[in-house]
Amino acid sequence: MDLRAALASCRLLAIVRGGDPDAALRTVLTLAEEGVELIEVSLSGADALTVLARARKELGPGRPLGAGTVLTAADAHAAHRAGAGFAVTPGLGTGVDTALDLGMPVLAGVLTPTDVIAAEARGAAALKLFPAAGAGGTAYLKALRGPFPGAAFVPVGGVDVTAARDYLAAGATAVGVGSPLVGDAADGGSITDLRERARAFRAAVRSGARAEGPA
């Protein structure tokens, strides 16, 4: 898949991390029903590889489904076996290179300009700016886009509905959202509330104006 193009088109990546595997699977399937096209299952969740494999079976081979928190080469291999189509990392560990070797595009975690240079040199499809809120939010994103105007940044960490609009207006290619979107659904919480949050985020990313310049 062309992960960069998918991020630019969908503009929202849902991050599912839960303590209840069955609830996490329901969360993935509900988000898909609500039109969230890009979903990652974090490997830090309970029995995440089984959740990922079950979600892949339910969604079918054509639906984008990624593995998040891919830290090591072993993580990348396990995610690939479970059916992940792309990998998301919090930093530039060995999982990046192994995922790429396995044919999975990578949304690689970066924070500094040095990270950006290293991630792009290694072939990352896009750059997960993490933790975005802690690093300075939209102001920091704008600062990074100065020397890297063509980079595909995806802010993650502390992205609520308002921040999603702001990041997209500041030039982000997409935003990655975990708890502000998923809430407690992946731990057994309300699916009805999850649907409402999904609709709110989808509306936010549709209305988020893209700043001038390359995505």
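**Close-up 1. Pairing of strand 1 with strands 8 and 2 in the predicted model.** Strand 1 runs parallel to strand 8 (residues 175–177), to which 3 bridges join it; strands are DSSP E runs of at least two residues, and helices H or I runs of at least four, numbered from the N terminus. Pairing requires at least two DSSP bridges between the strands. Leu13 lies opposite Gly176 in strand 8 and opposite Leu38 in strand 2. Strand 2 (residues 38–42) is also parallel to strand 1, through 4 bridges. This is a predicted model, in which local features need pLDDT of at least 70 and side-chain atom pairs pLDDT 80 or more, whereas totals for chains, interfaces and linings use all residues. Residues are numbered from 1 along each chain as its sequence is written, and side-chain values use heavy atoms, without hydrogens and water.

**Close-up 2. Burial of strand 1 (residues 12–16).** Because 5 of its 5 residues are buried, strand 1 is largely enclosed by the rest of the structure; buried denotes under 20% relative accessible area, exposed over 50% and partly exposed in between (1.4 Å probe, protein chains only). Leu12, Ala14 and Val16 cover one side, and Leu13 and Ile15 the other.

**Close-up 3. Surroundings of Ile39.** Beyond its neighbours within four places in sequence, Ile39 contacts residues including Leu13, Val28, Leu31 and Phe86, contact being heavy atoms within 4.5 Å.

**Close-up 4. Helix 5 (residues 94–101) and its packing.** Gly95, Val96, Thr98 and Ala99 are the buried residues of helix 5. These residues pack against helix 4 (73–82), strand 4 (86–88) and strand 5 (106–110). Just after helix 5, Gly103 adopts a positive phi of about 90°.
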